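Me: Can you walk me through this one? I'd like to go topic by topic.

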Amino acid sequence: MRWRNLLEPKTLIDRWAACPPEGFSVIGDAPAPAFLAPFDLLTTADADFVARLSQWPGFRTWRRFLRLRTTFIGTTVTEYAPVPETGAGDAQAAADLAASLRERLGGGAALTILKDLPQASPLLSPQDNVFADELARACEARDFIQLAGQALAYVPIDFNNVDDYIARLKRRDAKYIRKKLAARAGLTVSVVRTGDACFDETTVRRYYAMYEQVYAQSEIHFDKLTYEFFAAVLTDPAQNGVVFEYRNQDGAFIGWNLCFEHQGMLIDKYIGFVYPQAREANLYFVSWFVNLDYALERGLNHYVAGWTDPEVKALLGARFTFTRHLVFIRNPLLRALGRRMAGSFESDRTWSDKAGNAMTGNAEP
């Protein structure tokens, strides 16, 4: 089947479905990729809302009841929700798909979320954007609630070199970044392709241990990918993945960054770090510019940097395109309550409105 909205190789979805994240169950006969997973309702809530809730009596006790088994339509390895590409007219095909999602998935769990539907994305075709709009309207007509989703960071490769890129940033940000990039002189960067013979079990387990270090220090824990997933991806040449390996002055392996070169874009997917060495070497900042250099050398048109840390990525010069989520709450009373409270679960939109996409400062991931 052909999918709309894909920035990544389709084979990445296949590997994810075969090796889903811990505690996730892929739904095999759904109209689009879908899975069941435990979901903390406060994951995407804005900080002020969570702070107010935390003042309510017994918050620590009853918060566990906000963790629900939820049906998600989408995947955790694609930037956007893949939906089937059909030959029918957009409006009718979207209406048929929305009806099928509601009928086949809406009754299976208390909450059903069509996650990461694109919204006027500059990274997709006009046809995919039109279909996404039609699908959002069709879902809303079937009692789904639309929420602003996450801010996907990207950089158009429309500059001649990294110095040119940095010169476009605010003076204070440029000065801060140049200071961070001084660490690059002490690093050795190697490029390895997925499927390379170096990815034996010992190496993959080392990669996975570094991924787990990054996962452990993350503030938001939704999906934890498995060793089996990384083994399948790193050993597969068909993925067209490119891995940047970082070693410090002592020759110690302190970080890696897995990206995919696909459809003229460099898609940044996963990192693994050794702390504190990676932080001391400013790898988060250095890897951003290594990736930009690579995209330039390869003649790519965009670098896509993912969802997390929008404040830091804004400082690094990223632009953002928002997604939207369509949420179906099975219980009609709770659905009505959900409509009233929807704005409290749009944390990235809240951040963007406050920052005006012009965040500056010495943010540290």
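The chat below covers cores, helix packing and a few backbone details.

Me: What should I know about the model and the numbering before we start?
Reply: This is a predicted model, where local features need pLDDT of at least 70, side-chain atom pairs count only at pLDDT 80 or more, and totals for chains, interfaces and linings use all residues. Residues are numbered from 1 along each chain as its sequence is written, and side-chain values use heavy atoms, with hydrogens and water left out.

Me: How many residues are in the largest nonpolar core, and which have the most contacts inside it?
Reply: It has 46 residues, and Leu 7, Phe 229, Phe 230 and Trp 256 have the most contacts inside it. A nonpolar core here is a set of buried Ala, Val, Leu, Ile, Met, Phe, Trp, Tyr and Cys residues joined through side-chain atoms within 4.5 Å. Buried is under 20% relative accessible area, exposed is over 50%, and partly exposed is in between (1.4 Å probe, protein chains only).

Me: Which helix gives the most to this core?
Reply: Helix 9 (residues 227-234), with 6 residues. Helices are DSSP runs of H or I with at least four residues, strands are runs of E with at least two, and both are numbered from the N terminus.

Me: And what does Phe 230 touch?
Reply: Leaving out residues up to four places away in sequence, Phe 230 touches Val 204, Tyr 208, Tyr 211, Leu 225, Trp 256 and Tyr 270. Contact means heavy atoms within 4.5 Å.

Me: Which residues does the second core include?
Reply: Phe 159, Tyr 165, Ala 295 and Leu 315 are among them; this separate core has 44 residues.

Me: Switching to helix packing. At what angle do helix 7 and helix 11 pack?
Reply: About 95 degrees for helix 7 (residues 171-181) and helix 11 (residues 283-297), with their axes 9 Å apart. Axes are lines fitted to C-alpha atoms, for helices over the stretch in contact, and angles run from 0 to 180 degrees between N-to-C directions. Helix 7 and helix 11 are therefore roughly perpendicular to each other. The classes are roughly parallel under 35 degrees, roughly antiparallel over 145, roughly perpendicular from 65 to 115, and oblique for the rest.

Me: Which residues meet there?
Reply: Tyr 176, Ile 177, Lys 180 and Leu 181 of helix 7 meet Phe 285, Val 286 and Phe 289 of helix 11.

Me: What about helix 4 and helix 5, what is the angle?
Reply: Helix 4 (residues 90-105) and helix 5 (residues 126-140) pack at about 45 degrees, with axes 8 Å apart. That pair is therefore oblique. The contact includes Ala 91, Ala 94 and Leu 97 from helix 4, and Val 130, Phe 131 and Leu 135 from helix 5.

Me: New topic, backbone. Where is the cis peptide bond?
Reply: Between Tyr 275 and Pro 276, with omega about 5 degrees. Pro 276 sits in the loop between strand 11 (265-273) and helix 10 (277-280).

Me: What is phi of Ala 120?
Reply: Near 50 degrees, a positive value in a residue other than glycine. Most residues other than glycine have a negative phi. Ala 120 is in the loop between strand 6 (111-118) and helix 5, and at 61% relative accessibility Ala 120 counts as exposed.

Me: Last one: what is Asp 158 in contact with?
Reply: Arg 168 and Arg 319, leaving aside neighbours within four places in sequence. Asp 158 lies in the loop between strand 7 and helix 6 (162-167) and is partly exposed, at 42% relative accessible area. Asp 158 and Asn 301 are 143 residues apart in sequence and 7.5 Å apart in space, C-alpha to C-alpha.
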